[in-house]
Amino acid sequence: MANAVAEQVAGGLILIATKHKDIITSQTEWSLLFALLRSTIPHPEASRQSFDLIQNLINDGPEQRVSIDNYAGIVAALDEYATVAGVVTDSQQQGRRTQALNTSKYAPPSFSESIHLRHYSSPIVERGKKAIDLLFDLKKFWGQLSSPSHVQGMSRVCSFSYVV
């Protein structure tokens with residue numbers, strides 16, 4: 001998705017998911033919402049807005065809407081946030097290793113090298129850490145989603161979860 005419209009897309013999805021809840025009722029509609037949310041991940045502000053929406057869908061409160069229809073989409077979106085954070089962290093670590101190999105081992109580290117770990121608290125990495133916590137928190141919904149009326153849907157979620 002073009003960065004030029006990512007914030008508008010995120011804002012529109014938030015509006016639909018919070019103010020017009022009756023529009024998103026099926027697994028197909030939830031899948032579309034999460035596909036569009038995941039497309040905003042590369043844009044810093046839109047990614048924050050999208051993550052906040054996912055977080056609100058999971059957290060206890062008036063916006064909490066975890067269901068059998070959106071469980072797999074929530075898992076996929078959180079997995080993508082965690083994966084992006086892992087890629088960023090790996091690239092930062094690789095950059096530090098390359099820089100260390102290119103400098104003399106006797107030279108004292110520069111100030112910027114000594115505070116390089118600050119980059120690990122970037123918004124991308126923080127969202128990734130929070131995504132992992134939210135994935136763990138999703139277990140609290142297994143009881144309500146595994147009721148007899150949801151057993152067939154839960155088998156879909158289980159098979160999806162192992163594929164991801």
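**Chat: the core and a helix pair**

Student: Which residues touch the most other members in the largest nonpolar core?

Tutor: In this predicted model, F34, I54, I58, L78 and L138 do, out of the 27 residues in that core.

Student: And which helices supply at least two residues each?

Tutor: α1 (3–19), α2 (27–38), α3 (44–58), α4 (71–102) and α6 (123–137). The biggest share comes from α4, which gives seven residues.

Student: OK, zoom in on L78. What does it touch?

Tutor: Leaving out residues up to four places away in sequence, L78 touches F51, I54, I58, A131, L134, L135 and L138.

Student: Switching to helix packing: at what angle do α3 and α6 pack?

Tutor: About 15°, and their axes are 12 Å apart. Angles under 35 degrees count as roughly parallel, so α3 and α6 are roughly parallel to each other.

Student: Left-handed or right-handed crossing?

Tutor: Left-handed, as α3 passes α6. On the α3 side the contact is made by P44, S47, R48, F51, Q55 and I58, and on the α6 side by R127, K130, A131 and L134.

Student: How many of those are nonpolar, polar or charged?

Tutor: The contact of α3 with α6 has five nonpolar, two polar and three charged residues.

Student: Back to the whole protein. How many helices and strands?

Tutor: Eight helices and zero strands.

Student: What percentage of the residues is buried?

Tutor: Of the 164 residues in the protein, 33% are buried.

Student: And what share of the contacts with a separation of 6 or more comes from residues 24 or more positions apart?

Tutor: Those account for 73% of them.

Terms used
Residues are numbered from 1 along each chain as its sequence is written. This is a predicted model: local features need pLDDT of at least 70, side-chain atom pairs count only at pLDDT 80 or more; totals for chains, interfaces and linings use all residues. Side-chain values use heavy atoms; hydrogens and water are left out. A nonpolar core is a set of buried Ala, Val, Leu, Ile, Met, Phe, Trp, Tyr and Cys residues joined through side-chain atoms within 4.5 Å. Buried means under 20% relative accessible area, exposed over 50%, partly exposed in between (1.4 Å probe, protein chains only). Helices (H or I, at least four residues) and strands (E, at least two) are DSSP runs, numbered from the N terminus. Contact means heavy atoms within 4.5 Å. Axes are lines fitted to C-alpha atoms, for helices over the stretch in contact, and angles run from 0 to 180 degrees between N-to-C directions. Angles under 35 degrees count as roughly parallel, over 145 as roughly antiparallel, 65 to 115 as roughly perpendicular and the rest as oblique. A crossing is left-handed if the near helix is turned anticlockwise from the far one by less than a right angle, and right-handed if clockwise. Ala, Val, Leu, Ile, Met, Phe, Trp, Tyr, Cys and Pro count as nonpolar, Asp, Glu, Lys and Arg as charged, and the others, Gly among them, as polar.
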